[in-house]
Amino acid sequence: MGALPVFRWRLAPDGYATRRQLRARGLRPGGQDVAAQLERPRRRGPLVAYLYRIDLAKPVRPMTPAKRAALAKANAARRICPNCRTDAGYCIPRSLGMCVPCAYPDDEQRAA
């Protein structure tokens, strides 16, 4: 395969889209290779976004009941504090690894 066509930011021709743009249209790349790339210049090196051809994109697969149940279970698990085993009411921050009251118990005592 030859070199990919490179376009400047916001100057890609019609018929190309990023993964997010495809998803917004209800499409997915569907196994096709990257067709082109966008480059946005900056001091540290260009930001790159990969583009896919819209005419080769396939529809997004529908959510099955099993997938929906698995996703609900995974999201519920993110809310359970591993320290106190209670539902925090929000997704536990990965940086803390536990709910805020367990991570900062001294703040709870001062507030009381």
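Student: At 34% relative accessibility, which class does Cys84 fall in: buried, partly exposed or exposed?

Tutor: This is a predicted model, where local features need pLDDT of at least 70 and side-chain atom pairs count only at pLDDT 80 or more, while totals for chains, interfaces and linings use all residues. Residues are numbered from 1 along each chain as its sequence is written, and side-chain values use heavy atoms, leaving out hydrogens and water. Buried means under 20% relative accessible area, exposed over 50%, and partly exposed in between (1.4 Å probe, protein chains only). Because its relative accessibility is 34%, Cys84 counts as partly exposed.

Student: How far from Cys84 is the nearest cysteine sulfur?

Tutor: A disulfide needs a pair of cysteine sulfur atoms within 2.5 Å. The structure holds zero disulfides. Cys84 is accordingly in none, and the sulfur of Cys102, the nearest one, lies at a distance of 3.7 Å.

Student: And which cysteine has the sulfur nearest to that of Cys91?

Tutor: Cys91 has a relative accessibility of 36%, so this residue is partly exposed too. Cys91 is in no disulfide, and the nearest cysteine sulfur, 13 Å away, belongs to Cys81.

Student: Which strands stand at the edges of the sheet?

Tutor: Strands (E, at least two residues) and helices (H or I, at least four) are DSSP runs, numbered from the N terminus. Two strands pair if DSSP finds at least two bridges between them. Here four strands make an open sheet of mixed pairing, ordered β1-β4-β5-β2. Each edge strand has a single partner, so one of its sides has no neighbour in the sheet; these strands are β1 (6-8) and β2.

Student: Which residue in β4 is the bridge partner of Arg8?

Tutor: β1 and β4 run in the parallel sense and share three bridges. For Arg8, the bridge partner in β4 is Glu39.

Student: Is Thr18 buried or exposed?

Tutor: Thr18 sits in the loop between β2 (16-17) and α1 (19-24). Beyond neighbours within four places in sequence, Thr18 is in contact (heavy atoms within 4.5 Å) with Ala49, Tyr50 and Leu51. Because its relative accessibility is 16%, Thr18 counts as buried.

Student: Which residues make up the largest nonpolar core?

Tutor: Nonpolar side chains tend to be buried together in soluble globular proteins. A nonpolar core is a set of buried Ala, Val, Leu, Ile, Met, Phe, Trp, Tyr and Cys residues joined through side-chain atoms within 4.5 Å. The largest one has six residues: Ala17, Leu22, Leu27, Tyr52, Ile54 and Ala57.
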